[in-house]
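Here is a short briefing for a first look at a protein model. Please keep the sequence and the 3D view open while reading.

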Amino acid sequence: MRQMVHLIRDDRGGVGFNLLWVCFIIIFLIPFFWDVGSVHYARRFAGTGADGASLAAAQEYARHLQYVPEWNGIWYGQCPHECTPQQVVLRYRGLPAFGAPPGIGYGQAQQYAALNRDELTAYSSWPQFAGRTVHGVPIPWIVVYVETLRPVHTAYGPIYGRDFEAPNRAKAVAYLWRWHSWPRRCNKWCTTYDFTFEWKITLDKAR
């Protein structure tokens with residue numbers, strides 16, 4: 001009986017067993033903590049792809065509206081049909097880019113979202129009048145809105161029974177920053193005007 005009690009109370013080797021059990025638990029939990037970190041990381045940086053996509057698209061609209069390659073960036077008035085600065089600006093505002101067609105910026109938005117490992121899930125663009133005028137002619141902003149989705153790769157995905165994704169959205173604006181005009185004599189009856197237009201982009205709203 002004494003020998004049996006002694007064997008029961010003998011804890012030699014118990015420390016090794018406990019250490020083995022703790023190691024097993026740690027090894028089991030490492031992928032779980034990795035998954036938690038991956039989800040938080042994706043949520044934190046998912047906005048990078050959305051911001052980059054919207055800014056890239058807005059930049060493309062600004063490029064279409066700022067530069068006139070055949071005229072070295074100068075928007076010339078037409079003689080002798082445009083004898084007031086308003087007539088010149090109205091023709092400028094008739095550029096297709098002022099209608100904010102998605103075809104101008106969509107490709108750039110998709111490309112920059114992919115560069116940031118995001119998927120572009122929604123895209124829209126539209127002109128928005130915000131009080132900026134050139135010689136009394138209102139000039140709209142071009143607003144770009146995007147939504148992106150970043151997949152999160154997890155170690156225990158089959159156990160969770162679902163895929164994790166980090167959605168995000170962003171809005172960028174291309175807006176007329178400054179402009180210059182100067183008169184040019186066409187003939188003794190008409191003086192037309194030449195312009196340069198400089199555009200900028202920003203997130204959310206023009207500043």
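Helices (H or I, at least four residues) and strands (E, at least two) are DSSP runs, numbered from the N terminus. With those labels, His135 sits in the loop between strand S2 (133-134) and strand S3 (137-138). The model is predicted.

**The nonpolar core**
- The largest nonpolar core has 32 residues.
- Tyr123, Val146, Phe197 and Trp199 have the most contacts inside this core.
- Helices H2 (14-66), H3 (85-93) and H4 (102-115) each supply at least two of its residues.
- H2 gives the most, with seven residues.
- In soluble globular proteins, nonpolar side chains tend to be buried together.
- Beyond its neighbours within four places in sequence, Val146 is in contact with residues including Ala50, Ala53, Ser54, Ala109 and Tyr123.

**Backbone features**
- Most residues other than glycine have a negative phi, and most peptide bonds are trans.
- Cys79 and Pro80 are joined by a cis peptide bond, with omega about -5 degrees.
- Pro80 is placed in the loop between H2 and H3.
- Ala100 is not a glycine, yet has a positive phi of about 55 degrees.
- The loop between H3 and H4 holds Ala100.
- Ala100 counts as buried because its relative accessibility, 2%, is under the 20% cut-off.
- His135 is not a glycine either, and its phi is positive, at about 55 degrees.
- His135 has 31% relative accessibility, so it counts as partly exposed.

**Thr196 in strand S6**
- Thr196 lies in strand S6.
- Is Thr196 buried or exposed? Thr196 is buried, because its relative accessible area is 19% and the cut-off is under 20%.
- Leaving aside neighbours within four places in sequence, Thr196 is in contact with Gly73, Ile74, Arg178, Trp179, His180 and Trp182.

**Arg132 and its surroundings**
- Arg132 is found in the loop between S1 and S2.
- Its relative accessible area is 29%, so Arg132 is partly exposed.
- Which residues does Arg132 touch, not counting those up to four places away in sequence? They are Val137, Pro138, Ile139, Leu176, Trp177, Arg178 and Trp179.
- Arg132 and Trp177 are 45 residues apart along the chain, and their C-alpha atoms are separated by 9.5 Å.
- A polar atom of the Arg132 side chain lies 2.7 Å from the backbone oxygen of Leu176.

Conventions. Residues are numbered from 1 along each chain as its sequence is written. This is a predicted model: local features need pLDDT of at least 70, side-chain atom pairs count only at pLDDT 80 or more; totals for chains, interfaces and linings use all residues. Side-chain values use heavy atoms; hydrogens and water are left out. A nonpolar core is a set of buried Ala, Val, Leu, Ile, Met, Phe, Trp, Tyr and Cys residues joined through side-chain atoms within 4.5 Å. Buried means under 20% relative accessible area, exposed over 50%, partly exposed in between (1.4 Å probe, protein chains only). Contact means heavy atoms within 4.5 Å. A polar contact is a pair of N or O atoms within 3.5 Å; within protein, one must be able to donate a hydrogen and the other to accept it, and residues adjacent in sequence count only if both atoms are side-chain atoms.
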